[in-house]
Amino acid sequence: SVDVNVEVPVPKEPYTEETYDDDGNLIAAALHGCSYVPIKKFSDKSYLSTFIFPDGVEKIQRGAFYSCSKLDMDQIPSSVKKIEEDAFYNCGNLKLKSLPEGLSEIADYAFRYCRSLRLEYLPSDVQSIGTCAFQQCWNMPLSTLPSGLTNISSYAFMDCSIIKITSLPEGITRIEDNAFYSCFYMPLASLPNNISYIGKEAFYYCNRLTIKKLPENLKYIGS
């Protein structure tokens, strides 16, 4: 018999390249070898300003960049399908103008307090936007919502004062409590025909609404 030695390649473990300033603060990082940014991986790294995603990244996990107040990036990779809870919570310097087209879920608090966000639209594949997902994104001039949405979660766009939405997707059946609270300049002119529920204070302080008729299917309006 002949012995044949076959060398099996050992998969590389995920690793991070990190750069620190003279005071020992993490200011830049690059993640390699995994399909996600791990839970709370860079949480509270308040000096982190630059990040490079791993190739093929599909998910940004819970709290991955929580309160990275100096973080900014030109874009999130097109391979990302899900942004989990608190992923970019309080990333006040984040100036993203778009999100990846393949994105399907934006979880609770994902972009809460991202007050420099510049999104004009959300990807067409988004099916779910969580509670407080964009709360206090004051400078976000959002003009349209994805057609696949069926629900606007509580506080989802609270205090997004300059959003420019004039109509909502026809598939929406529920608008939860405080969903658009204090969206002062939102010029919403109509509601979807299929909507049956509008929660309390859903449009409180929305002073530019021009809705003239309520849908026939509407069964409940909160206080």
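What follows is a working chat about the fold, the strand pairing and a few individual residues of this predicted model.

Q: Before we start, what kind of model is this, and how are residues numbered?
A: It is a predicted model, in which local features need pLDDT of at least 70 and side-chain atom pairs count only at pLDDT 80 or more, while totals for chains, interfaces and linings use all residues. Residues are numbered from 1 along each chain as its sequence is written, and side-chain values use heavy atoms, with hydrogens and water left out.

Q: OK, how many helices and strands does the chain have?
A: The chain has zero helices and twelve strands, where helices (H or I, at least four residues) and strands (E, at least two) are DSSP runs numbered from the N terminus. Along the sequence this gives the pattern β-β-β-β-β-β-β-β-β-β-β-β.

Q: And what does the chain span along its principal axes?
A: The C-alpha trace spans about 85 × 55 × 25 Å along those axes. The accessible surface comes to about 11600 Å², with 45% of it belonging to carbon and sulfur atoms; such areas come from the Shrake-Rupley method with a 1.4 Å probe, and for residues only the protein chains shown count as cover.

Q: What share of the residues is buried?
A: Of the 223 residues, 45% count as buried, meaning under 20% relative accessible area, with exposed being over 50% and partly exposed in between (1.4 Å probe, protein chains only).

Q: Which strands make up the open sheet?
A: The open sheet has four strands in the order S9-S10-S11-S12, with parallel pairing, and two strands pair if DSSP finds at least two bridges between them. Its edge strands are S9 (151-152) and S12 (220-221), each of which pairs on one side only.

Q: How many bridges join S10 to S11?
A: Two bridges join S10 (residues 174-175) to S11 (residues 197-198), and these strands run parallel. Within that pair, Arg 174 stands opposite Tyr 197 in S11.

Q: What about S1 and S2, are they parallel or antiparallel?
A: S1 (residues 15-20) and S2 (residues 26-32) pair in the antiparallel sense over six bridges, and Thr 19 stands opposite Ala 28 in S2. Their hairpin has five residues between the strands, and Gly 24 there takes a positive phi near 85°.

Q: Which residues other than glycine have a positive phi?
A: Tyr 113, with phi near 65°, and Ser 182, with phi near 60°, are among them. Most residues other than glycine have a negative phi.

Q: Where do Tyr 113 and Ser 182 sit?
A: Tyr 113 is in the loop between S7 (105-106) and S8 (128-129), and Ser 182 is in the loop between S10 and S11. Tyr 113 counts as buried because its relative accessibility is 19%, and Ser 182 likewise counts as buried because its value is 18%.

Q: Switching to Gln 61, where is that residue found?
A: Gln 61 is found in the loop between S5 (59-60) and S6 (82-83), and it counts as buried because its relative accessibility is 15%.

Q: What does Gln 61 contact?
A: Leaving aside neighbours within four places in sequence, Gln 61 is in contact (heavy atoms within 4.5 Å) with Tyr 36, Val 37, Pro 38, Ile 39, Glu 84 and Ala 87. A polar atom of the Gln 61 side chain also lies 3.2 Å from the backbone nitrogen of Ile 39.

Q: Is Cys 34 buried or exposed?
A: Cys 34 is buried, with a relative accessible area of 12%, and lies in the loop between S2 and S3 (36-37). Not counting residues up to four places away in sequence, Cys 34 touches Pro 14, Pro 54 and Asp 55.

Q: How far is Cys 34 from Glu 58 in space?
A: Cys 34 and Glu 58 are 9.2 Å apart, C-alpha to C-alpha, and 24 residues apart in sequence. Glu 58 lies in the loop between S4 (50-52) and S5, and is partly exposed, with a relative accessible area of 45%.

Q: And what does Glu 58 touch?
A: Not counting residues up to four places away in sequence, Glu 58 touches Ser 35, Ser 79, Val 80, Lys 81 and Lys 82. Glu 58 and Tyr 121, by comparison, are 63 residues apart in sequence and 21 Å apart in space, C-alpha to C-alpha.

How values were computed
Polar contact = N/O pair within 3.5 Å; in protein donor to acceptor, adjacent residues only side chain to side chain.
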